[in-house]
Amino acid sequence: VNWGQAIADAISLGALYGLVAVGIGLVFGVMRLINFAYGELITAGAYVLAYTSGWPAPLAILMCVAAVIALALAQERIAFRPLRRQGASPAAMLVATFAVSFLLQAIYLLAFGSRGQIVGTLGGLNTAFTIDGVDIRWIALVSTVTGAALLLATGALLNRTTIGLHVRAAAQDFRTARILGVRANRVIGLSFVVAGVLAAAVSVLYTVSNPLVQPQMGVPITIFALVGVVVGGLDRLWSAALGGFAVGFVYGMFGDLLSSQQSVYLPSVVYGAVILVLLVRPAGLFAPLRARQVERV
Amino acid sequence: MRRAVLELGAPVLLVAVTALVAGAVSQAHQLEFENALVMTAIVVALYVFVGNSGVISFGHVSFVAVGAYLAGVLTVDPQTKAFTMPGLFHVLGHSHIGTVPSLALAAAAGGIYALAVGLPLMRLSGLPAGIATFAVLGITYNVLYYWQKVGPTAQTLSDIPESGRWTLAAGTAVVVLAAYAYQRSRFGRMLRATREDPAAAGAAGISIYRQRLLGFTLSGALAGLAGGLYVHELGLITPDLFYLDLTFVTLAMLVFGGVGSIWGAVLGALVISAVNSFLGDAENTVHVGFRLTLPDGTRLVTIGAVMALVIILRPSGLTGGREFGWRRR
């Protein structure tokens with residue numbers, strides 16, 4: 001067993017899921033909306049990369065980021081804003097994001113076919129370098145560093161800028177924040193833009209190791225990240241990020257270390273652990289001990 | 001009294017009409033109509049918990065799956081089973097029962113499973129409840145996919161006796177009746193009180209946990225029954241039938257019709273099924289005054305767009321959460 005490589009891969013996968021978790025958690029914080037169609041942003045970015053494979057990498061990545069931000073804003077403007085205006089129930093909002101996810105997958109299927117497209121933009125990062133006899137792929141290093149940098153940048157944006165202050169105020173209490181002059185559409189728009197940037201980053205990094213892009217590729221990513229977010233704790237970004245990281249890390253470790261024979265019941269074990277965590281700590285594993293409990297009457 | 005006749009009569013009548021029409025159309029369309037009946041049963045079963053409690057469940061397809069697998073495995077001829085599924089538990093491998101008893105067992109299994117799952121999980125609400133029920137679905141799917149003692153694993157289970165449209169319609173009507181009876185009972189009212197205002201319901205002496213557990217168990221039993229109907233409709237099953245797609249489609253049907261009423265659940269299931277079926281035809285050319293041929297894949301896009309639009313423009317669904325009635329209340 002190659003422990004060094006397994007750990008490096010697991011950390012980089014954890015960083016990716018951490019990014020997804022922050023993207024989901026950011027929008028949840030402001031809108032109280034779990035965007036199940038988040039994975040479709042990642043898929044969209046991956047398709048852009050697949051169709052710009054011949055372009056210089058920076059240009060392709062720029063296109064990818066622009067397209068994903070546009071789609072994220074379109075999701076907000078077309079689907080979620082009307083719902084918010086009508087004061088729809090959380091269940092209806094959640095199912096609406098399901099519907100958007102389903103619709104986008106159907107559009108991808110119609111437009112790009114079911115066979116899948118190949119991304120070759122940063123394929124060179126799959127080569128490995130060696131430290132102390134341990135082979136580490138460049139992409140593992142790049143993912144980890146990019147993930148950490150983006151998380152820090154998001155944290156700085158939220159904590160060091162005025163608009164970030166507005167976002168945090170809105171996440172704390174949306175109505176009061178609006179009364180005090182925080183502009184709802186700008187704050188929500190910003191959180192979708194940041195979520196879009198994070199999704200685009202995931203598209204770029206994820207497709208290096210998994211270059212095949214298919215209409216449904218975003219679904220398992222969303223599910224895993226969502227599990228991580230809820231297990232980690234939705235109320236704070238860092239606990240959501242940590243939850244996402246933990247899920248990615250565990251998944252990466254087991255994926256590398258267990259043979260396929262041994263790992264058939266692994267999903268059951270993971271889901272069982274999730275249920276256990278939720279029963280013991282419904283507010284999340286990394287939520288502060290005295291945190292306000294989730295609605296429990 | 002008149003109100004009860006209307007509220008119960010309208011959905012049951014719609015189910016009966018669907019079954020009636022199913023007999024008057026071609027073989028291929030008959031399958032679509034029968035499928036619509038089964039979807040109605042599943043969505044109404046889902047409504048019993050989600051509609052009355054206001055707590056979303058992503059796990060109900062587990063109960064459908066358990067009912068379907070039990071009803072399927074028990075009605076296949078033991079000699080066939082010895083050949084296709086040698087690893088089965090003894091009692092599953094050697095029993096052979098008729099369709100109706102298999103449906104009753106499917107309902108019992110769904111109910112017991114839901115009770116077992118609900119005992120711990122009904123303490124949760126909101127998103128943790130949603131994710132936890134989803135985790136149950138993940139486990140169920142995983143186990144059905146790999147455990148040879150309970151079924152054919154990833155293989156297709158086939159040679160299951162198929163039921164006629166009237167059996168399916170009767171089963172669906174039973175689900176609707178049970179849902180209505182529960183809704184009008186004091187237990188249904190108590191559960192809806194916890195949905196409207198948990199604090200006030202608690203103050204009035206209602207145990208939220210117990211009422212949710214009761215609703216969840218009944219809902220699971222009905223979902224198990226619906227699963228039994230599903231397997232006798234198709235005649236074959238695989239684990240992939242009982243995972244994300246079915247979960248999404250049934251939830252969307254429920255929200256599309258209106259989460260708050262049986263009428264909404266029935267209407268949502270039937271309308272989406274009808275649109276789906278029509279578009280499937282249109283991909284192979286239909287005559288609607290003119291020849292209409294849609295490119296492959298438009299079906300999914302249109303279904304997705306219709307569902308998204310209705311949910312976005314009218315989050316309370318087609319029926320606005322009201323039961324059938326002449327006057328708008």
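How many residues of chain A are in contact with chain B, and how many of chain B with chain A? I counted contact as heavy atoms within 4.5 Å, and found 41 residues of chain A in contact with 44 residues of chain B.

Ground rules. I am reading a predicted model, where local features need pLDDT of at least 70, side-chain atom pairs count only at pLDDT 80 or more, and totals for chains, interfaces and linings use all residues. Residues are numbered from 1 along each chain as its sequence is written, chains are lettered from A in the order in which they are written, and side-chain values use heavy atoms, without hydrogens and water.

Interface area. I looked up the buried area (accessible area, 1.4 Å probe, that two parts lose on being put together, summed over both). Chains A and B bury about 3,600 Å² between them, with 82% of it on carbon and sulfur atoms. On the chain A side, A:Val95, A:Phe102 and A:Tyr271 lose the most area to chain B, together 16% of what that side buries.

Elements. I listed the chain A elements that give two or more residues to this side: α3 (57-85), α4 (90-112), α9 (218-232) and α11 (266-280). Helices here are DSSP runs (H or I, at least four residues), numbered from the N terminus. The most comes from α4(A), with 13 residues.

B:Gln211. I placed this residue in helix α11 (residues 208-234) of chain B.
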